Amino acid sequence: APIVVLISGTGSNLAALLDASRAEGSSYEIVGVIADREAAGLAHARNAGIPTEVVRLKDFPDRDAWNHGVRLAVDRFAPQLIVLAGFMKLFGPELLEAYPDRIINTHPALLPSFPGAHGVRDALAYGVRVTGATVFVVDAGIDTGRILAQEALTILPEDDETSLHERIKAIERRMLVDVVEQLTR
Ligand code: GRF
């Protein structure tokens, strides 16, 4: 099944999805990668010959127009599933209404704990002993949709935000590939 991946950053989740899509019997194909900026992760797509589109907020008169630009970019790839993999912008209802229940996201915390852009930092700051990662269906809220997969890990005394986030991302990569395989089988 054709999927589109949306990124904003290094794209390690995208890289994992790309690698897994090349495996024998993989049930999905990444047909396009869309970013809201010239994200470093776009290199993974370009090296693999996958079309990319950068849809920058500043290139549009307002947020609604940007939302429409993202929607049109997604439509051009005609995906069965949209995967947000480190996409750091909130988008409005248009994309959700166009692809109901077909947008999934990954978050580096055990939702509903620590939603938002700093889940790893917030968990560390709170002093929880266990955190983890969540893959969920995107709905109109912020990190509030139906949970599809979660896995916990223990925070180490020497952890800082970077080391903890790297260990969480290792969980995310594995969970995201499993969920995408299941949804596109
Ligand atoms: C992931 O931890 C994702 O959950 C969060 O940002 C990170 C993106 O990492 N929103 P990458 O760009 O896939 O390496």
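What follows is a set of questions and answers on the terms used for this structure.

Q: What kind of model is this, and what makes a feature count?
A: This is a predicted model, in which local features need pLDDT of at least 70 and side-chain atom pairs count only at pLDDT 80 or more, while totals for chains, interfaces and linings use all residues. Residues are numbered from 1 along each chain as its sequence is written, and side-chain values use heavy atoms, with hydrogens and water left out.

Q: Why is Asn-13 called buried?
A: Buried means under 20% relative accessible area, exposed means over 50%, and partly exposed lies in between (1.4 Å probe, protein chains only). Asn-13 has a relative accessible area of 7%, so it is buried.

Q: Where is Asn-13, and what does it touch?
A: Asn-13 belongs to helix α1. Helices (H or I, at least four residues) and strands (E, at least two) are DSSP runs, numbered from the N terminus. Contact means heavy atoms within 4.5 Å. Apart from neighbours within four places in sequence, Asn-13 is in contact with Ala-85, Thr-106, Glu-172, Arg-173 and Leu-176.

Q: What makes α1 largely enclosed by the rest of the structure?
A: The reason is that nine of the ten residues of α1 are buried. They are Ser-12, Asn-13, Leu-14, Ala-15, Ala-16, Leu-17, Leu-18, Ala-20 and Ser-21. Their cover includes β1, β2, α2, β4, β5 (103–107) and α6.

Q: What makes a set of residues a nonpolar core, and which residues have the most contacts inside the largest one?
A: A nonpolar core is a set of buried Ala, Val, Leu, Ile, Met, Phe, Trp, Tyr and Cys residues joined through side-chain atoms within 4.5 Å. The largest such core here has 34 residues, and Val-5, Ile-7, Leu-17, Ile-30, Val-33 and Val-83 have the most contacts inside it. At least two core residues come from each of β1 (2–7), α1 (12–21), β2 (29–35), α2 (42–47), β4 (81–84), β6 (130–137), β7 (147–154) and α6 (161–184). Helix α6 gives the largest share, eight residues. A second, separate core of 19 residues includes Ile-34, Val-70, Phe-87 and Phe-91. In soluble globular proteins, nonpolar side chains tend to be buried together.

Q: Which residues does Val-5 touch?
A: Not counting residues up to four places away in sequence, Val-5 touches Leu-14, Leu-17, Ile-30, Gly-32, Val-33, Ile-34, Val-83 and Ala-85.

Q: How do you know that Phe-87 is buried?
A: Phe-87 has 7% relative accessibility, so it counts as buried. Phe-87 sits in the loop between β4 and α4 (93–98). Its contacts, leaving aside neighbours within four places in sequence, are Leu-6, Ile-7, Ser-8, Ala-35, Asp-36 and Trp-66.

Q: How does the span of α6 compare with the expected one?
A: The expected span of a helix is 1.5 Å times one less than its number of residues. For α6, with 24 residues, the reach from first C-alpha to last is 33 Å, close to the 34 Å expected.

Q: What makes Asp-160 a cap of α6?
A: A polar contact is a pair of N or O atoms within 3.5 Å; within protein, one must be able to donate a hydrogen and the other to accept it, and residues adjacent in sequence count only if both atoms are side-chain atoms. A side-chain oxygen of Asp-160 lies 3.1 Å from the backbone nitrogen of Thr-162, and Asp-160 caps the N-terminal end of α6.

Q: Is Lys-169 buried or exposed?
A: Its relative accessibility is 14%, so Lys-169 counts as buried. Lys-169 is in helix α6 and touches Thr-10 and Ser-12, not counting residues up to four places away in sequence.

Q: Which side chains have an N or O atom at a given distance from a ligand oxygen?
A: His-165 has one at 2.6 Å from an oxygen atom of the ligand, and Lys-169 has one at 2.8 Å. A polar side-chain atom of Ser-12 lies 2.6 Å from a ligand oxygen.

Q: Why is Phe-114 called buried?
A: Phe-114 has a relative accessible area of 17%, so it is buried. Its phi is near 55 degrees, a positive value in a residue other than glycine.
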